[in-house]
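The sequence and model are shown first.

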Amino acid sequence: MSTRRAVVTGASSGIGAATVRLFRDHGWEVLAVARRQERLAALAAETGADVLRADVTVPSDVQAVADRARALGGADVLVNNAGGALGSASVEDASVDDWRAMFETNVIGTKQMIAAMLPVLRTAARGRGGADIVTVTSTAGHVAYENGGGYNAAKFAEHALVAALRLELAGEPIRVVEIAPGLVRTGEFALVRFGGDQEKADAVYEGVDEPLVADDVAAAIVHAVELPAHVNLDLVTIRPVAQAAQHKLVRRPLQPRD
Ligand SMILES: NC(=O)c1ccc[n+]([C@@H]2O[C@H](COP(=O)([O-])OP(=O)(O)OC[C@H]3O[C@@H](n4cnc5c(N)ncnc54)[C@H](OP(=O)(O)O)[C@@H]3O)[C@@H](O)[C@H]2O)c1
């Protein structure tokens with residue numbers, strides 16, 4: 001059987017880059033997509049992945065991803081990972097521009113990627129009997145928190161989009177998987193959220209006994225698509241042990257009670 005190929009968006013850092021590395025380690029072909037060309041070039045040199053500079057909010061870029069995937073020989077898996085948070089402010093005070101940007105990337109970008117890639121994935125499904133759409137949402141898409149309203153709204157919407165898609169694709173051999181991580185210490189997520197303020201970004205993880213890292217989420221993504229084709233990890237919530245719930249994050253070393 002020929003090698004399978006995954007298209008991974010948001011591949012220039014964090015969870016996306018870790019997912020590309022793990023797929024390559026497991027022998028997959030990968031088309032890695034993001035906006036920062038120099039990051040992609042470094043990832044290509046390191047892993048041998050194919051790369052394409054594309055903004056998931058721009059329709060012509062998204063179509064170019066699907067065209068490239070087809071030109072490379074097709075794709076079996078789409079990982080919608082591009083996304084993130086901008087700002088931390090109340091519903092009353094938050095920047096509308098931030099909200100629009102979060103909706104564009106997390107929701108519209110994901111919708112556009114799915115629409116463009118479905119014909120490519122269906123070709124793979126006809127040939128091999130299956131294909132996968134994996135979307136990285138967030139626990140912020142399931143439980144709201146103060147000053148997270150814009151990100152919550154975007155990720156709730158992305159969660160709803162995935163749920164509707166699963167119903168719409170019922171009857172086709174295409175798994176629709178949602179990976180909803182809790183606190184993941186990646187190099188840029190919090191930094192982007194806080195406009196480059198390293199101190200605020202570091203404070204998010206302060207005292208937490210082993211937040212998740214990008215490799216942990218990548219392992220869940222690759223595991224999901226390597227399971228037998230009839231097994232669908234419908235919704236995977238993945239948190240560090242120190243985070244019992246959105247509002248229950250322990251900021252001290254974990255230890256058994258006496
Ligand atoms: N870290 C966490 O705690 C956490 C928790 C739950 C869920 N998540 C979700 O996991 C995903 C990855 O997050 P991360 O922690 O790995 O953050 P990250 O390092 O900031 O990664 C975000 C990636 O998305 C890309 N991206 C952003 N806008 C894009 C666009 N318009 N078009 C194409 N690519 C775009 C960025 O690259 P370019 O700037 O080069 O385009 C980057 O590669 C996001 O959807 C995030 O919401 C993260």
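## Cavity

In this predicted model, there is one cavity of 30 Å³ or more. The largest cavity holds about 30 Å³ of space. Its lining is made up of T9, V56, N80, N81, A82, T105, G109, T110 and M113. Helix α4, which covers residues 96–128, contributes the most to this lining, with four residues. By class, three of the lining residues of the largest cavity are nonpolar and six are polar, while no charged residue takes part.

## Second largest pocket

The largest share, three residues, is supplied by β6. Sorted by class, the lining of the second largest pocket comprises ten nonpolar, three polar and six charged residues.

## Sheet

Seven strands form an open sheet with parallel pairing, in the order β3-β2-β1-β4-β5-β6-β9. Strands β3 (50–53) and β9 (235–238) are at the edges and have a single partner strand each, so one side of each is without a neighbour in the sheet. On average, neighbouring strands of this sheet are turned by 15° against each other, direction ignored.

Within the sheet, β1 (residues 5–9) and β2 (residues 29–34) run parallel and are joined by five bridges. V8 has A32 in β2 as its bridge partner.

Where in the chain is S138 found? The residue sits in the loop between β5 and α5, the latter spanning 149–168. Is S138 buried or exposed? S138 counts as buried because its relative accessibility is 7%, and the cut-off for buried is under 20%.

Which residues is S138 in contact with, leaving aside its neighbours within four places in sequence? They are Y151, K155, I179, A180 and P181. S138 and E178 are 40 residues apart along the chain, and their C-alpha atoms are separated by 8.9 Å.

Definitions and conventions: Residues numbered from 1 in each chain as written. Predicted model: local features only at pLDDT ≥ 70, side-chain atom pairs only at ≥ 80, totals over all residues. Heavy atoms only, no water. Pairing = 2+ DSSP bridges. Helix = DSSP H or I, 4+ residues; strand = E, 2+ residues; numbered from the N terminus. Axes fitted to C-alpha atoms, helices over the stretch in contact; angles between N-to-C directions. Nonpolar A, V, L, I, M, F, W, Y, C, P; charged D, E, K, R; others polar. Buried < 20%, exposed > 50% of the residue type's maximum accessible area, 1.4 Å probe, protein only. Contact = heavy atoms within 4.5 Å. 1 Å grid on protein atoms, 1.4 Å probe; cavity = no way out; pocket = protein on both sides within 12 Å on 5 of 7 lines; lining within 4 Å. Points joined across faces, edges and corners; volume = space filled by probe spheres on them.
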